[in-house]
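Subject: A structure for you to look at

Hi there,

Here is the structure I promised to pass on. Have a look at it first, and then read my notes below.

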Amino acid sequence: MIITEREGICPALRKYYSRLARFMIALVEIPENAIILEAGCGDGALTCHLLSLLPDHVVVGYDLFSGVYEESLSALTGAVSQMRVIRGDVRTMSLHTESVDLVISNELLCDLSRNDTQVTLNEFYRILRKGGTFIHGCLSPYPETRAQELVLLADSYSADPLFDHEWFSPPADELAGMVHSAGFRQISVTYFSDSLKFTGDAAFCHLEEWVLKPEFFEKYSSEVRARGIEYPMEQVIHCCK
Ligand SMILES: C[S@@+](CC[C@H](N)C(=O)[O-])C[C@H]1O[C@@H](n2cnc3c(N)ncnc32)[C@H](O)[C@@H]1O
């Protein structure tokens with residue numbers, strides 16, 4: 001998908017998330033009447049699609065909703081009024097041991113440090129029932145093109161990172177080792193390769209939503225204008241307890 005105008009951004013993102021939700025759900029087996037936790041659900045970009053794909057299950061949203069993400073709570077509850085939402089930290093979860101069938105998350109671990117990622121994966125392992133599944137999606141930290149590299153560079157100019165920003169996102173191999181250390185087995189990594197490219201005004205408009213330091217625009221505006229920005233492929237890891 002190539003988005004050239006600002007009006008095209010929201011519909012394109014909706015389509016992207018809708019396809020991503022389908023892609024992720026097709027990878028996992030979900031028992032009947034499952035309890036599904038979406039960790040780091042944010043404003044519900046993925047949640048809306050999960051709810052329509054999983055009407056017979058209980059989907060619970062879990063997020064800290066702090067710092068730059070504070071506004072996400074009202075956006076989420078506005079978009080999905082019926083869902084149970086828990087405000088909490090994924091590093092120390094307020095959930096019982098072995099109480100959840102599936103933990104699903106997207107672009108959550110990129111916000112955590114390496115150490116906090118391991119702590120969080122250990123928490124996911126604790127709250128999952130035996131045989132339960134964890135599935136996580138995050139953009140690849142290995143750009144294929146300069147337009148993708150500009151996305152990584154923009155991320156490194158974030159004006160208000162929530163926590164220590166150690167990486168753009170965890171490389172799949174490293175993440176596989178970490179889920180293995182947490183106790184997970186049957187670990188697979190696959191790639192969601194739908195492309196999402198923004199050019200012209202749409203590129204600048206999308207970057208403005210990310211709250212970047214002005215230095216990014218001073219340094220890279222002409223390249224953004226010439227090449228646009230593009231999301232790298234999404235690495236999707238899934239594994240079982
Ligand atoms: C990049 S956003 C992704 C939001 C959504 N999953 C999506 O794909 O659009 C990261 C989300 O993780 C949440 N988050 C970050 N650190 C967290 C923590 N320690 N505990 C709970 N949520 C956290 C943020 O509040 C934010 O909503």
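A polar contact is a pair of N or O atoms within 3.5 Å; within protein, one must be able to donate a hydrogen and the other to accept it, and residues adjacent in sequence count only if both atoms are side-chain atoms. Please keep in mind that this is a predicted model, where local features need pLDDT of at least 70, side-chain atom pairs count only at pLDDT 80 or more, and totals for chains, interfaces and linings use all residues. Residues are numbered from 1 along each chain as its sequence is written, and side-chain values use heavy atoms, with hydrogens and water left out.

On the nitrogen side, a polar backbone atom of G40 is 2.7 Å from a ligand nitrogen atom, and an N or O atom in the side chain of D89 is 2.9 Å from a ligand nitrogen atom. On its own, the ligand has 590 Å² of accessible area, and the protein covers 92% of that (Shrake-Rupley method, 1.4 Å probe).

**The largest pocket**

The ligand takes up the space of the largest pocket (more than half of its atoms lie within 2 Å of the pocket's grid points). A pocket is found on a 1 Å grid over the protein atoms alone: it is an open set of points where a 1.4 Å probe fits, with protein on both sides within 12 Å along at least five of seven lines, and lining residues have an atom within 4 Å of a point. The volume here is about 1,400 Å³, meaning the space filled by probe spheres set on the points. There are 48 lining residues, and Y17, Y69, E107, D111 and W210 are the closest to the centre. The largest share of this lining, five residues, comes from α1 (helices are DSSP runs of H or I, at least four residues; strands are runs of E, at least two).

**The second largest pocket**

This pocket has a volume of about 190 Å³. Its lining includes Y17, along with C10, L13 and R14. Here α1 gives the most, with four residues.

Happy exploring!
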